[in-house]
Amino acid sequence: MFARCLPLWRSSATCKPWQLGLSLHHGWERCQAWSCRGVNTTAEQGQQVSMQQNQVLEDLEMPVARRETENLFQERPETGNQYLEDALLRSYLKAHLPPKVLEEVSQDLERFGNRLLTEVKPLGWECELNPPVFRQYDAWGQRVDHIITCSAWKRMKEISAEEGLIAEAYERRYSNWSRVHQAVKLYLFSTTSGGFNCPLAMTDGAAKVIESLGTPASLKNAFDHLTSRDPKKFWTSGQWMTERRGGSDVANGTETVARKQPDGTYRLYGFKWFTSAADSDVTLTLARIADAEGHVKQGSSGLSLFFLKVRDEDKKLNNIRVQRLKDKLGTRQMATAELWLDGAEAELISAEGRGVASISNMLNISRIHNVIGAVASMRRMISLSREYALKRVVFGKLLKDHPLHMQTIARMEVQTRGAFLLLMEIARLLGLAETNMASEQDQLLLRLLVPVAKLYTGKQASATVIEAMECFGGQGYMEDTGLPVIVRDTLVLSIWEGTTNILSLDVLRSLTKSQGQVIAVFFSTVQKKIELASSTAELEPAVKQMQAAINRLTQFIQGAGSKEAVTMELAARDFSYSLARIYAGALLIEHASRPDASAADISAARRWCNQELCPVATEFKNSSYEAEESLMDSSLVYGSPPSTSRL
């Protein structure tokens with residue numbers, strides 16, 4: 001009986017029962033269960049099984065000391081040049097870039113892909129193994145508040161400058177396609193960057209804010225440093241907004257006060273609860289300007305935007321005290337700190353009371369970087385899963401030969417393709433806007449798609465990387481494989497720069513502010529994209545499903561319009577998901593309708609459209625957004641509706 005189950009649990013010649021975490025007792029129980037299946041063996045097979053049984057018994061009698069030296073041997077999954085291995089990326093660039101631009105960009109990306117493999121990837125792992133440390137005092141008791149980062153982190157900064165990861169967007173060598181070029185380089189860089197993609201996001205955002213202000217003379221030097229290709233001149237920027245009350249409600253949570261000085265500069269006083277990339281050279285931050293009596297104006301209209309250098313010419317902190325480094329779940333490679341501003345010298349760069357409006361460009365850019373990170377993590381985990389399936393033998397055959405396993409990876413691939421095309425669409429629209437080539441419709445669409453893509457890809461990335469981790473079995477849970485690092489670093493993406501619910505409400509605001517224009521543009525754009533596939537018979541089912549989803553979304557909007565305001569608020573999340581799925585579906589159909597589209601392109605479009613494309617319509621039909629259901633939500637959470645008064 002014991003021998004019969006050997007081919008089942010000993011699927012690899014190097015795999016021992018104790019390596020699977022099984023005691024002999026548990027292994028015997030499993031064998032008993034399997035023996036019920038009725039395994040018949042010939043005399044020759046029985047002799048082989050008997051020999052295997054004897055070998056197993058000898059192994060089990062092996063001295064413990066010897067057994068402890070036995071290790072699992074499994075060939076590690078290795079990927080090559082990320083650009084060359086990403087068929088969807090290359091086909092997208094071929095379909096959209098002008099020939100001359102495509103030639104130059106492709107050469108740059110192939111070269112960069114090789115550099116990522118040979119130089120950047122090892123540095124990224126070194127950053128993970130050597131996270132920043134905080135040294136508050138020196139040996140003689142003097143307070144120094146020194147955040148110490150490893151040499152690999154510093155080298156990442158140099159490489160970022162050399163590769164023009166920020167400069168590329170502002171030099172505009174390829175006109176409106178420069179943002180696409182930059183987005184692709186950041187996409188390739190992200191998961192091997194050792195967390196350096198985060199300070200780059202804020203650096204890009206700071207450069208965008210300064211440019212949007214007309215690059216004032218006082219900020220020209222800062223802009224040149226932020227967009228430099230010279231490693232010795234390149235600066236990174238922080239983004240200091242979150243304070244002790246935490247969260248996205250900066251209008252009511254910002255307590256930092258700015259006091260004007262005789263020379264026209266300001267001194268900032270306050271506590272910044274969550275400052276990412278605390279080792280950056282400069283930062284943008286919000287504060288309330290105090291009047292002559294020391295009073296400040298509350299609300300968003302009381303906030304102004306300031307620029308400050310983190311250190312002075314002598315490399316001493318600019319009247320900033322570091323409280324502590326944050327102990328985070330992920331992105332441990334990057335220094336995130338609590339800071340006291342105790343008279344930090346700063347420059348007012350917005351009109352008084354226009355801080356939130358002025359920093360919106362930074363938020364927009366950092367949200368796009370968030371999408372880049374999300375899609376990059378999805379692609380990275382799938383690439384590793386795909387490679388592992390070519391090497392890992394389970395139950396007598398490679399993982400790639402198990403249909404269920406291939407189905408699992410294929411489903412993740414479809415989600416990743418939709419997310420990738422959403423990212424590229426945003427980069428394309430941003431490039432048009434920055435070169436004054438965007439129509440009013442393009443600008444409205446960009447305003448809508450940024451929060452939609454950020455909230456959707458953040459959630460999809462978390463689900464995908466966790467699913468992909470399972471593709472490696474127990475090895476996926478081991479720290480030294482590097483897989484948990486990707487998972488942890490991905491989980492922040494649905495939180496950073498606005499949670500899913502916060503951004504869903506932002507989507508509603510974009511509809512309200514445009515008086516419905518943005519949703520009209522959304523429908524017309526989707527319609528044009530799916531019409532491209534009208535002559536492709538293989539895409540007919542997907543087009544029909546998409547058309548049905550559009551009709552259902554239209555009916556929802558009409559029906560919700562006659563309801564109370566709470567209806568749309570309750571529907572905001574599902575509504576945003578519906579927009580994301582419908583638009584991504586249209587992009588997949590558009591990509592699959594190209595003359596040189598592959599069978600995989602067509603399959604991806606069809607499979608995407610097989611899912612629930614318009615969940616908001618389904619939930620609306622189920623009365624999920626009625627006021628009564630909202631009260632029941634509270635009852636489900638608290639056991640009874642929370643009382644609004646204790647009287």
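Tutor: Helices (H or I, at least four residues) and strands (E, at least two) are DSSP runs, numbered from the N terminus. This is a predicted model, with local features needing pLDDT of at least 70 and side-chain atom pairs pLDDT 80 or more, while totals for chains, interfaces and linings use all residues. Residues are numbered from 1 along each chain as its sequence is written, and side-chain values use heavy atoms, leaving out hydrogens and water.

Student: OK, the second largest pocket: what volume does it have?

Tutor: About 910 Å³. On a 1 Å grid over the protein atoms alone, a pocket is an open set of points with protein on both sides within 12 Å along at least five of seven lines, a cavity is a set where a 1.4 Å probe fits but cannot get out, and lining residues have an atom within 4 Å of a point. Points are joined across faces, edges and corners, and the volume is the space filled by probe spheres set on them.

Student: Which residues lie nearest its centre?

Tutor: Of the 31 lining residues, Lys 157, Asp 279, Asp 281, Arg 311 and Lys 315 do. Strand 2 (143-148) and helix 8 each supply at least two lining residues, and the largest share, five residues, is from strand 2.

Student: And the lining of that pocket by class? How many are charged?

Tutor: 14 charged, next to twelve nonpolar and five polar. Here Ala, Val, Leu, Ile, Met, Phe, Trp, Tyr, Cys and Pro are nonpolar, Asp, Glu, Lys and Arg charged, and the others, Gly among them, polar.

Student: Now packing. At what angle do helix 7 and helix 8 pack?

Tutor: About 145°, for helix 7 (residues 99-129) against helix 8 (residues 151-162), with axes 8 Å apart. Axes are lines fitted to C-alpha atoms, for helices over the stretch in contact, and angles run from 0 to 180 degrees between N-to-C directions. The contact (heavy atoms within 4.5 Å) includes Val 120 and Leu 123 of helix 7 and Trp 153 and Met 156 of helix 8. It has seven nonpolar, two polar and five charged residues.

Student: What about helix 18 and helix 21, where do the axes cross?

Tutor: Helix 18 (residues 500-513) and helix 21 (residues 565-592) have axes that come within 8 Å and cross at roughly 90°. They are therefore roughly perpendicular, a label for 65 to 115 degrees, with under 35 roughly parallel, over 145 roughly antiparallel and the rest oblique. Leu 505 and Leu 508 of helix 18 and Phe 575 and Tyr 577 of helix 21 are among the contact residues. By class that contact has nine nonpolar, four polar and two charged.

Student: Which angle does helix 15 make with helix 21?

Tutor: About 90°, with the axes of helix 15 (residues 403-434) and helix 21 9 Å apart. That makes helix 15 roughly perpendicular to helix 21. Contact residues include Leu 421 and Leu 422 of helix 15 and Tyr 583 and Leu 587 of helix 21.
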